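Please open the structure in a viewer and keep the sequence panel at hand.

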Amino acid sequence: MMPAWAKRWRLRALETVARCVPFALLVLRIILRWLPPALLALGIAAPFLLPSFQVQLTFLWIMIVFALCWDILGGQMGYNSFGNIAFFGIGVYTATIVQIGLFQDVAAYTAAAGMQTISLTPDQYFEGLFIGLAAAPVLAVIVAVVLGLALLDLRGHYFAIATLGLGIAAGELAAAWTFVGGSSGVQVPVYPGSLQSGRLLFYFLSAALCITTFITLRWLYTTRFGLAINAIRDDEDKAEALGLHTTRYKIIAWCIGAVFLGLAGGLVGHIIGFIDPREVAFAGASFGVWMILMAILGGKGTLWGPVIGAVIFHVMRELFWTYLFGWQNVAMGVLIVVVVVFFPFGILGWLRRRYPQLFVRDAAQPGAAE
Amino acid sequence: MSALLEVRNVSKRYGGVVANSKVSLTVREGQIVGLIGPNGSGKTTLFNSIVGTHPIDGGSIRFDGREISRLRVADIARLGLIRTFQQTRIFRQMSCLENMLVSVPQGDASLRAMIARPASDDRAHALELLAFVGLSSKRDLAAGSLSFGQQKLLEFAMALMNEPRLLLLDEPTAGINPTLINGLVDRLKRARDQLGITLFVIEHNMRVVMNLAEHIYCLAHGELLADGRPEDVQNDPRVVAAYLGAH
Amino acid sequence: MDNLLLLFQAPPLALQLLIDGVLIGAVFALAAYGLALVWGVMNIINVCQGEYVMLGGYVALYVAHAGFSPFLGIPAAMIALFVVGWLGYRLVIFRIVERDLFISLLATFGLSILLGQFMNLGFGANIETLDAHLGTWFLLGGMVTVAQIKVVALAVTLVIAGLLIAFMRRSRLGQAIRATAQNARAARILGVDTDRVYAMTYALNAAVCGAAGALVAMIWVISPFGGLIYTVRAFMIVVLAGLGNLAGVIVAALGLGAAEQFVGFILGAQFQIAFVFLALVAILILRSWRLRWQRRYLT
């Protein structure tokens, strides 16, 4: 039995807390509302604040694009793809080949396997870069439509494995095609300027790509398209029974992912400076599977989930690289298994189960707490 | 009243089992028609054949004068032929309101239509229909969290949202609390009376069928056994024997 | 394309490719059977199947380097991989057994990456092979060569397959496995320890892969990251043959082996791997079209 004074104190304390809660929620809402612009400001300042991490930060934006693009198909639509890397790789090759091809003979260049150097004037470089970056998503979409018509009839694990085969086949084909350098790959034209300015350029291009991807998806998920792909995920047969043009929606979703992945590929090729068919372009066992992991880690099927997952994943990866060098790939493998086995719903998924009230989504209005 | 659905000599077999054998029936526009028969008589198979889930082995199915036996599920649905499922299928992770919004008629397949926001008319209509089935308070809850009976009502509302001309209902009252069945039957009738939807209903509950249907078909062992007015079919000795004799 | 003409001009060449293909195909059949077993019993597609094969190869390699007969590597690999499989089940697999297939796909894919990296760290990235010191038979006046080790591999495969089938039919555990495959809940109710069944099934699969790996090391090559293609081959064979169809598995496996050899010869070795993965995609697409024609989905 508590003495009377203790009871009164406890009551007072609870009352104070109760009175603070609305205030705390208000603060939380303000924070959440201003978080995106704050993050944006941070994103713009970051390469200047942390100059030695510019490349890693650039990759952070790219990783977020990866996760978001996988999530359209895997999280929102329920079609778990192991082969989205194919579009990334197409983008990597297209942007560079186009850039080179505008000013030089590609076949001769790739046949020389690095012996021949390519020197472009700054005008040529940028012209080539932007035309290349424009061509990359176009080719990716064309391939996406063709592949989509063939593959999107498959369901569940058959789709997953078929796309796995696709991703790896793409890498093998690229490694066998001499026009694009075969196994030796392609040396990307060198940036005509200081290392610093080059890094900054690609940092901001990557950031712009990521933000565009995010905003596009955020809008898209509030439209009928967003409803339709969720319906396909929850019960595709039922969606068909209601007359939904499921094939059309599936292909569009596939193509949207292809566009942004193609663009990301175009950028990464230039950031790394060298294209290897299996390790860089069609890196199924690294980027390809990380895409899935990041989205799952953060919570697939949500908008911010892939973003959060990508950030955490990328940071962990960099930490592994720094502190576990030699074992970092093993650590990555362990991470994959741990996430998939213990956190299949991801962080946001776990939150959603615990606090469902935070996730009420109103389809007719733009994105709420998510 | 013209014939909206004409099923002529439809047969379907699965491997060695004959599920439907030369079944013929007609559903006229504006009618409420019942389909009864003991378990295993081929009722759901017939429904599946009509909506295009599988191809038929023989016969013809015409909807509004048009042959649909070779069409796919989505095409048939867009013609205005919607079905509900025996196990009740809804989109579990989406909210009830979203379930309704995704059920709008899908005639226009242009890219513009696909990426448009859900229209406010549609939203209003969805809320109206949710109120019609008594699920207004659940509109923002995930459909998977509803009780079985509520899910059935949601599925029904979704079907209405799709503005069908003919609605095939597979055991709409199965698993529903008996006290709520009257309410459901009432809503089914209102769907026909107010919205002009023709209903074709598979039912096991005799009381419901007698109350609801104007014309009944009875299947047994994959064949059409009897048809006619509810009172006549109910007292037909063959029908009684089929039910009593069926294991 | 010149190579294609060559096949018609010199039929013994075609025969050579066929024999090589069939002999290696037999080893694919082992891996495929194991995959089908785990898939059928536990509803898990074991993406690290190929890594188990590679591990088996490495065990055989070490047995040989330790001075023993390479043939001792086969039982050694089987035992070692049985343990690995058992551990794999107890540590990871048991958590994903009755969950959705995608989780198991991704988890075993993660395992495959993990194992690949371990092998890379532990054994180096080089491609290795094992010389069994057996001779070669020469047929058709020397135009067709058949390495004796390959025929031995075929014989070993048949023996192992025979033992497996006998085990599944006759032994109590085999029957328990088959019961669990058909209906796990019913088996549990009837007193079968399904957890033990799963562990045994998975370990058995790993052992079979180990044997296959030991054979692969002797008749072909192994490398830390060479496992995925074996997984894909096994999956293709199972998809082509159907889960319960043992004869189909054998035929499909031999056919795949032969097809690979022919493609490798006609188009060049660098296309052989691409062919395997493209064939997988093609098979699934064709199957899906066929089912679509019958208006069912490949689920």
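Two strands pair if DSSP finds at least two bridges between them. Helices (H or I, at least four residues) and strands (E, at least two) are DSSP runs, numbered from the N terminus. The model is predicted: local features need pLDDT of at least 70 and side-chain atom pairs count only at pLDDT 80 or more, whereas totals for chains, interfaces and linings use all residues. Residues are numbered from 1 along each chain as its sequence is written, and chains are lettered from A and ligands numbered from 1 in the order in which they are written.

**Stop 1: the sheet of chain B**

Select β4 (residues 58-63) of chain B together with β5(B); these strands pair in the antiparallel sense over two bridges. Within this region, R62(B) stands opposite E67(B) in β5(B).

**Stop 2: the domains of chain B**

Next, colour chain B by domain, with bounds that come from an automatic or database domain assignment. Domain 1 comprises 1-80 + 164-247, and domain 2 comprises 91-161. The centres of domain 1 and domain 2 of chain B, taken over C-alpha atoms, are 25 Å apart. Their contact takes 11 residues from domain 1 of chain B and 10 residues from domain 2 of chain B, where two residues are in contact if their C-beta atoms, placed from the backbone, lie within 7 Å. On the domain 1 side, select helix α7 (residues 178-195) of chain B, which gives the largest share, four residues.

**Stop 3: chain C as a whole**

Chain C has 12 helices and two strands, which run α-α-α-α-α-β-β-α-α-α-α-α-α-α from the N terminus on. Its radius of gyration (taken over C-alpha atoms) is 19 Å, close to the 19 Å that the globule rule gives for 299 residues, so chain C is as compact as a globular protein of that length; the rule is 2.2 Å times the number of residues to the power 0.38. Buried residues make up 51% of the 299 residues in chain C; a residue is buried if 20 or more other C-beta atoms, placed from the backbone, lie within 10 Å of its own.

**Stop 4: helix α3 of chain C**

Select residues 49-65 of chain C. This helix, α3(C), has 17 residues and reaches 25 Å from its first C-alpha to its last, close to the 24 Å expected at 1.5 Å a residue, the expected span being 1.5 Å times one less than the number of residues. After α3(C) comes G67(C), whose phi is positive, near 105°.

**Stop 5: where chain C meets chain A**

Finally, display chains A and C together. Here 35 residues of chain C are in contact with 32 residues of chain A. On the chain C side, the elements giving two or more residues are α4 (73-96), α5 (101-123), α10 (228-241) and α12 (269-293). The largest share, 14 residues, comes from α5(C). Chain A itself has 15 helices and two strands, and 52% of its 370 residues count as buried.

Notes: A residue is buried if 20 or more other C-beta atoms lie within 10 Å of its own, exposed if 12 or fewer, and partly exposed in between; C-beta atoms are placed from the backbone.
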